[in-house]
Amino acid sequence: MATRVLVTGGAGFVGANLVRLLLGKGHAVTVFDNFDRGLETYLEGLDVAVLRGDVRDAGAVSRALAGQEAVYHLAAYGSVIESIEDPDTNFQINVTGTLNVLKAAVARDVGKVVFSSTGGALMGNTPPPVNERSVPRPISPYGASKLACEGYMCAFAEAYGLDTLMFRFANVYGPYSAHKKGVFNTYLAAIERGEPLVVYGDSVRDFIYAGDLAHGLVRGLEVDTVPGDVFHLSTNRGVRIDDFARAMLAVRGRNDIELVRREGRRGEVVENFAENAKAEAALGFRAATGLEEGLARTVDWFDRHRPLWTHAA
C-alpha cells in the first residue's frame with residue numbers, strides 16, 4: 001500500500017539509497033534537506049517533491065510534515081571527529097532537530113517516525129558483539145547526541161502515543177556517498193593519487209552495504225513494530241580496518257600501495273560490530289551483500305560519477 005513519506009536528509013548518502021527503494025515500492029516521497037552536505041544531483045530524474053529546509057527550523061519542519069503519513073528522520077550532523085571540534089552544532093542539529101521532528105509529527109498526526117541512530121558511536125568501547133540489550137556508553141559528542149535522540153524517541157512513544165522506531169546503523173558504505181569524508185572516500189582518493197593508506201589504531205568495524213541498509217529501513221515501515229523499539233542493522237561481522245583497506249586495494253588492482261599505521265584518534269571506537277538477530281526475526285532483515293561484492297559495486301558507482309568525488313576530494 002502506497003504511503004506518503006517524508007525523508008529528512010533525503011539528498012544525503014543513506015537518503016539517496018532509501019528514496020530510490022521507497023519509490024520502487026510505490027510510495028510517494030518528499031525530501032526535506034538543507035543541501036549543506038547532500039547533493040541535489042543525487043535526486044535528479046526521481047519523481048520526488050523536494051523541500052529545502054533545516055531541521056533546526058521548527059516551522060519549516062512542521063510545514064514539511066503536513067499531510068505525511070510517515071517520516072524517516074535521517075538528517076544529522078554525522079561526524080565523530082567534527083562533533084568533538086564543534087559539539088554545539090552537533091547538539092543543535094541532532095538533538096534539537098530530532099525534537100522538532102517529533103513535536104511536528106505529533107501535531108501533524110504522522111503515523112510513524114523512523115530514526116537513524118548509530119551503533120558504534122553510541123555503544124562506545126563496549127566489547128563486541130553488541131546488541132539491543134547492551135548498555136550504551138558513548139565516547140564522543142556525536143554518540144551522546146544519538147543516545148539523547150533515542151531517549152526522546154522512547155519518551156514521545158510513551159508520553160504522546162507516537163509510533164516511533166529506531167535503527168542503529170553499522171558503518172555504511174555504497175553509492176551516493178561522493179560527498180562523504182569516511183574511510184572509503186579517504187582510501188579511494190589516496191589510491192587515486194598512489195599514496196599510502198593510513199590505518200588509525202587497530203580498529204574493527206561492521207561494514208554494511210547501503211542497499212542492504214535501505215532494505216532494512218523499508219521493512220521498518222512495512223512491519224508493525226512496538227513503539228519506541230530499536231534494532232541494529234548490521235552484518236554480524238567485524239572487519240579490521242587494515243583488511244578493509246587491502247580489500248579496496250584488491251578491487252582497484254593496486255596491491256603495490258602500502259599501509260601506514262598511526263595511533264587511534266580521540267573519540268573513535270576501537271572495536272565494534274553488532275548482532276542483527278532481532279532485526280532478522282522481527283523484520284526479516286539480512287545483510288546479503290558481502291564486503292568484496294559491495295566494494296566492487298561502490299567503486300563502479302564512483303568510477304561512473306568521477307566528477308562528483310574528485311571535486312569533493
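This is a predicted model: local features need pLDDT of at least 70, side-chain atom pairs count only at pLDDT 80 or more; totals for chains, interfaces and linings use all residues.

Modeller: Residues are numbered from 1 along each chain as its sequence is written, and side-chain values use heavy atoms, with hydrogens and water left out.

Colleague: How many aromatic pairs does a search of the whole structure find?

Modeller: Rings of Phe, Tyr and Trp (its six-membered ring) pair if their centres lie within 6.5 Å; planes under 30 degrees apart are stacked, over 60 edge-to-face, and the rest tilted. With that rule, searching the whole structure gives a count of 10.

Colleague: What class is the pair of Phe 156 and Tyr 160?

Modeller: The ring centres of Phe 156 and Tyr 160 are 4.5 Å apart. Their planes sit at 35°, so the pair is tilted.

Colleague: Which helix holds Phe 156 and Tyr 160, about one helical turn apart?

Modeller: Helices here are DSSP runs (H or I, at least four residues), as are strands (E, at least two), numbered from the N terminus. Phe 156 and Tyr 160 are four residues apart, so about one helical turn separates them, and their helix is H6 (residues 141-160).

Colleague: Is Tyr 160 buried or exposed?

Modeller: Buried means under 20% relative accessible area, exposed over 50%, and partly exposed in between (1.4 Å probe, protein chains only). Phe 156 has 6% and counts as buried. Tyr 160 has 52% relative accessibility, so it counts as exposed.

Colleague: And what class is the pair of Trp 301 and Phe 302?

Modeller: The ring centres of Trp 301 and Phe 302 are 5.2 Å apart, with planes at 75°. Given the 75° angle, the pair is edge-to-face.

Colleague: Which charged residue sits over the ring of Tyr 200?

Modeller: A charge sits over a ring if NZ of Lys or CZ of Arg is within 6 Å of the ring centre and within 35 degrees of the ring normal. Lys 278 lies over the face of Phe 231, at 4.8 Å from the ring centre. For Tyr 200, at 4.1 Å from the ring centre, the residue is Arg 265.

Colleague: How far apart are the end C-alpha atoms of H8?

Modeller: The expected span is 1.5 Å times one less than the number of residues. Helix H8 (residues 210-222) has 13 residues and should span 18 Å. That agrees with its end C-alpha separation, which is 19 Å.

Colleague: Where is Phe 35, which has a positive phi?

Modeller: Most residues other than glycine have a negative phi, and most peptide bonds are trans. Phi of Phe 35 is near 55°, and the residue is buried at 13% relative accessible area. Its place is the loop between strand E2 (28-33) and strand E3 (49-52).

Colleague: Is Asp 109 buried or exposed?

Modeller: Asp 109 also has a positive phi, near 55°, and is located in the loop between helix H4 (87-107) and strand E5 (112-118). With 68% relative accessibility, Asp 109 counts as exposed.

Colleague: Which loop holds Pro 129?

Modeller: The peptide bond from Pro 128 to Pro 129 is cis, with omega near 0°. Pro 129 is in the loop between helix H5 (120-123) and H6.
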